[in-house]
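Keep the sequence and the coordinates open while reading.

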Amino acid sequence: MGWNGRGSGVIEVVHQAANVRFFESGRFTLEGQDHDVPMRNVYRWDLHSDRVSLSHERRGAANAVSLFDLVASDAETLVSAEVHQCAADAYSARLTLVPDGIDLEWRIVGPRKDEHIAYRYRSR
């Protein structure tokens, strides 16, 4: 899709009874460009005893899009139990716990997409 580049930003983490919300804001620079664009996102992490359900709330909590359940692969890794199908595109993810945060690797495959997105959440 031509979205090769790098971004950085901050997240506001809001803890609630059974979930955690990441309110993300930052800047993204396309590869080969010298200017950046603002980016915003909201993810809801619903915590269950056997999985973490990830939803996208960019258009508000009432319009949340359920993406997938992440289940344990090993002691430090969660993987999507099934792919999330959005039209012809298949989304999957791998979450790895690291000493100073979380790595979330996205894979999106479809007729128009062949994407790899690497999120690096780090504490300050």
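**Strands and hairpins**

Strand S1 (residues 5-15) and strand S2 (residues 19-30) run antiparallel and are joined by 11 bridges. Two strands are taken as paired if DSSP finds at least two bridges between them. Across this pairing, Gly9 is opposite Gly26 in S2. With three residues between them, S1 and S2 form a hairpin.

The model is predicted, so local features need pLDDT of at least 70 and side-chain atom pairs count only at pLDDT 80 or more, whereas totals for chains, interfaces and linings use all residues. Residues are numbered from 1 along each chain as its sequence is written, and side-chain values use heavy atoms, with hydrogens and water left out.

S2 also pairs with strand S3 (residues 36-47), again in the antiparallel sense and over 11 bridges. Here Phe28 has Val37 in S3 as its bridge partner. S2 and S3 form a hairpin with five residues between them. In that turn, Gly32 has a positive phi of about 85 degrees.

What are the elements of the protein, from the N terminus on? They run β-β-β-β-β-β-β-β-β-β, which amounts to zero helices and 10 strands. Helices (H or I, at least four residues) and strands (E, at least two) are DSSP runs, numbered from the N terminus. The radius of gyration is 15 Å, close to the 14 Å from the globule rule for 124 residues, so the protein is as compact as a globular protein of that length. That radius is taken over C-alpha atoms, and the rule is 2.2 Å times the number of residues to the power 0.38. Along the principal axes, the C-alpha atoms fill a box of roughly 45 × 35 × 35 Å.

**Surface and contacts**

Buried residues account for 30% of the 124 residues; buried means under 20% relative accessible area, exposed over 50%, and partly exposed in between (1.4 Å probe, protein chains only). The accessible surface of the protein is about 8,300 Å², and 51% of it belongs to carbon and sulfur atoms. These areas come from the Shrake-Rupley method with a 1.4 Å probe, and for residues only the protein chains shown count as cover. Among contacts (heavy atoms within 4.5 Å) between residues at least 6 apart in sequence, 20% join residues at least 24 apart.

The phi of Ala87 is near 55 degrees, a positive value in a residue other than glycine. Ala87 is exposed, with a relative accessible area of 73%.

**Salt bridges**

How many salt bridges does the structure hold? There are 12, each being a side-chain nitrogen of Lys or Arg within 4 Å of a carboxyl oxygen of Asp or Glu. One of them joins Asp36 to Arg27, with the closest N and O atoms 2.8 Å apart. Both ends are partly exposed: Asp36 has a relative accessible area of 32%, and Arg27 one of 40%.

Asp50 and Arg51 meet in another salt bridge, at 2.9 Å from N to O. Asp50 is exposed at 52% relative accessibility, while Arg51 is partly exposed at 27%.

A further salt bridge is formed by the side chains of Arg122 and Asp103, 2.7 Å from N to O. This pair links distant parts of the chain, 19 residues apart: Arg122 belongs to strand S10 (residues 114-122) and Asp103 to strand S9 (residues 101-109). Arg122 is partly exposed at 37%, whereas Asp103 is buried at 13%. Through salt bridges that share partners, Asp100, Asp103, Glu105, Arg120 and Arg122 are joined into one network.

**Aromatic rings**

A search of the whole structure finds seven aromatic pairs. Rings of Phe, Tyr and Trp (its six-membered ring) pair if their centres lie within 6.5 Å; planes under 30 degrees apart count as stacked, over 60 as edge-to-face and the rest as tilted. Phe68 and Trp106 form a tilted pair, with 5.6 Å from centre to centre and 50 degrees between the planes. Phe68 is in strand S5 (residues 65-74) and Trp106 in strand S9, 38 residues apart, so the pair links distant parts of the chain. Phe68 and Trp106 are both buried. One aromatic cluster is formed by Phe22, Tyr43, Trp45, Phe68, Trp106, Tyr119 and Tyr121.
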